[in-house]
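Biologist: Could you open the model and take me through it? I'd like to begin with pockets.

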Amino acid sequence: PPLPRAALPPNPYHRALAWYGEQEAAIFFGRGRQIRALYQRLTAPRGSPILLLCGQSGVGKSSLLEAGLIPRLKERCGVIYVRRNRTLGAAGTLRQAL
């Protein structure tokens with residue numbers, strides 16, 4: 001689905017080595033196929049309401065979610081986005097979020 005209308009950021013490089021967030025969604029590109037696959041998986045009638053995305057540090061997981069997937073999901077459903085707490089681990093973070 002298309003992104004909600006929003007103003008473009010004045011400078012997309014204002015945060016060196018930081019991930020793209022919802023404010024930069026309009027300029028985030030190159031992951032359309034992955035965004036579509038995740039969106040379809042989460043919105044399918046029998047899809048899982050929970051997504052665990054893991055990968056090496058720096059590969060773009062946060063940008064994929066925050067600038068790609070989440071703005072599109074928010075147009076259709078409620079979104080709870082939780083980053084893993086290193087102290088709690090993945091299971092503890094999920095338990096705390098729920």
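Modeller: This is a predicted model. Its largest pocket holds about 1500 Å³ of space.

Biologist: Which residues sit closest to the centre of the largest pocket?

Modeller: Leu51, Leu65, Tyr81, Val82 and Arg83 are the closest to the centre, out of 38 residues that line the largest pocket.

Biologist: And which helices each supply at least two residues of that lining?

Modeller: Those are α2, residues 61-74, and α3, residues 89-97. The largest share comes from α2, with seven residues.

Biologist: What does the lining look like by class?

Modeller: There are 26 nonpolar residues in the lining of the largest pocket, along with eight polar and four charged ones.

Biologist: Is Leu94 buried, partly exposed or exposed?

Modeller: Leu94 has a relative accessible area of 39%. Buried would need under 20% and exposed over 50%, so Leu94 counts as partly exposed.

Biologist: Now charges. How many salt bridges does the structure hold?

Modeller: The structure holds one salt bridge. The partners are Glu22 and Lys74, and their closest N and O atoms are 2.7 Å apart.

Biologist: Where in the chain are the two partners?

Modeller: Glu22 is in the segment before α1, which spans 32-43, while Lys74 is in helix α2. The two are 52 residues apart, so the pair links distant parts of the chain.

Biologist: Let's step back to the whole chain. How many helices and strands are there?

Modeller: Three helices and zero strands. Along the sequence the pattern reads α-α-α.

Biologist: What are the dimensions of the box that the C-alpha atoms fill?

Modeller: Roughly 40 × 35 × 20 Å, taken along the principal axes.

Biologist: Last one: what share of the residues is buried?

Modeller: Buried residues make up 24% of the 98 in the protein chain.

How values were computed:
Residues are numbered from 1 along each chain as its sequence is written. This is a predicted model: local features need pLDDT of at least 70, side-chain atom pairs count only at pLDDT 80 or more; totals for chains, interfaces and linings use all residues. Side-chain values use heavy atoms; hydrogens and water are left out. On a 1 Å grid over the protein atoms alone, a cavity is a set of points where a 1.4 Å probe fits but cannot get out, and a pocket is an open set with protein on both sides within 12 Å along at least five of seven lines; lining residues have an atom within 4 Å of a point. Grid points are joined across faces, edges and corners, and a volume is the space filled by probe spheres set on the points. Helices (H or I, at least four residues) and strands (E, at least two) are DSSP runs, numbered from the N terminus. Ala, Val, Leu, Ile, Met, Phe, Trp, Tyr, Cys and Pro count as nonpolar, Asp, Glu, Lys and Arg as charged, and the others, Gly among them, as polar. Buried means under 20% relative accessible area, exposed over 50%, partly exposed in between (1.4 Å probe, protein chains only). A salt bridge is a side-chain nitrogen of Lys or Arg within 4 Å of a carboxyl oxygen of Asp or Glu.
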